[in-house]
Amino acid sequence: MTRIQQGSALFSAILDVPFGKFGIRTAGALVTELFYLAPHFDEKAPQDKVAELAAEQVLRYCQDPDFVFDLPLARVGSAFQHKVWDTIAAIPRGSVRTYGEVARHIGSAPRAVGQACGANWFPLVIPCHRVTAANGLGGFSNSDDQHSYHLDIKRWLLAHEGASEYAWRQTTLL
């Protein structure tokens, strides 16, 4: 019996990575979106050269947290979101900043920073997992359910990058 994989047609590739499933969408010569997927998705081989490049780079990051992504990303998001994402991209591997610290750095509010993180089209490439709440892990990928697979992914990514257990208590600004 053939199992129908609902939703897999939406992706140019689906990877099985150490933290779960990861989806890649492409259009033409650009990566248009990256996704943390629910565990029920099956792997899907890259369907084009851009998806193949993205898949190779995601897998390299999973082996080496110091790997630097170099992907052709679609230009999406507002000017404010880009300001937040550029700030987040400057957070060194193994470090975290709070939503409040990022907000103070760019002259905004923590909630707005959190919303920009949730709107991130390119997780891993723009490492929103490096942003936490002042008193704990905070949400991730538009989820704040402490038992969701999303926060398990955030925990794995932070551990993979060498962030300490108490990193969210650091007070160093960007």
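Does His160 count as buried or exposed, and what is its relative accessibility? His160 counts as buried because its relative accessibility is 18%, under the 20% limit for that class. The model described here is predicted. The points below cover this histidine, the nonpolar core and the strand pairing.

**His160**
- His160 is part of helix 5.
- The backbone oxygen of Tyr61 lies 2.8 Å from the side chain of His160.
- Apart from residues up to four places away in sequence, His160 touches Tyr61, Cys62, Gln63, Asp64 and Pro65.

**Nonpolar core**
- The largest nonpolar core comprises 40 residues, and Phe19, Phe22, Ile24, Val58, Ile88, Val113 and Leu124 have the most contacts inside it.
- Among the elements that give two or more residues to this core are strand 2 (20-27), helix 2 (79-89) and helix 5 (149-160).
- Helix 1 gives the most to this core, namely seven residues.
- Domain 1 (10-63) and domain 2 (79-161) each supply at least three residues to this core.
- Leu124 is in contact with Phe19, Phe22, Tyr36, Val58, Tyr61, Phe69 and Leu157, leaving aside neighbours within four places in sequence.

**Strand pairing**
- Strand 1 and strand 2 run antiparallel and are joined by five bridges; two residues separate them in a hairpin.
- Leu15 has Phe22 of strand 2 as its bridge partner.
- Strand 2 also pairs with strand 3 in the antiparallel sense, over seven bridges, and Arg25 stands opposite Glu33 of strand 3.
- The hairpin of strand 2 and strand 3 has two residues between the strands, and Gly28 in the turn has a positive phi of about 60 degrees.

Technical notes
Residues numbered from 1 in each chain as written. Predicted model: local features only at pLDDT ≥ 70, side-chain atom pairs only at ≥ 80, totals over all residues. Heavy atoms only, no water. Core = buried A, V, L, I, M, F, W, Y, C linked by side-chain atoms within 4.5 Å. Buried < 20%, exposed > 50% of the residue type's maximum accessible area, 1.4 Å probe, protein only. Helix = DSSP H or I, 4+ residues; strand = E, 2+ residues; numbered from the N terminus. Domains from an automatic or database assignment. Contact = heavy atoms within 4.5 Å. Polar contact = N/O pair within 3.5 Å; in protein donor to acceptor, adjacent residues only side chain to side chain. Pairing = 2+ DSSP bridges.
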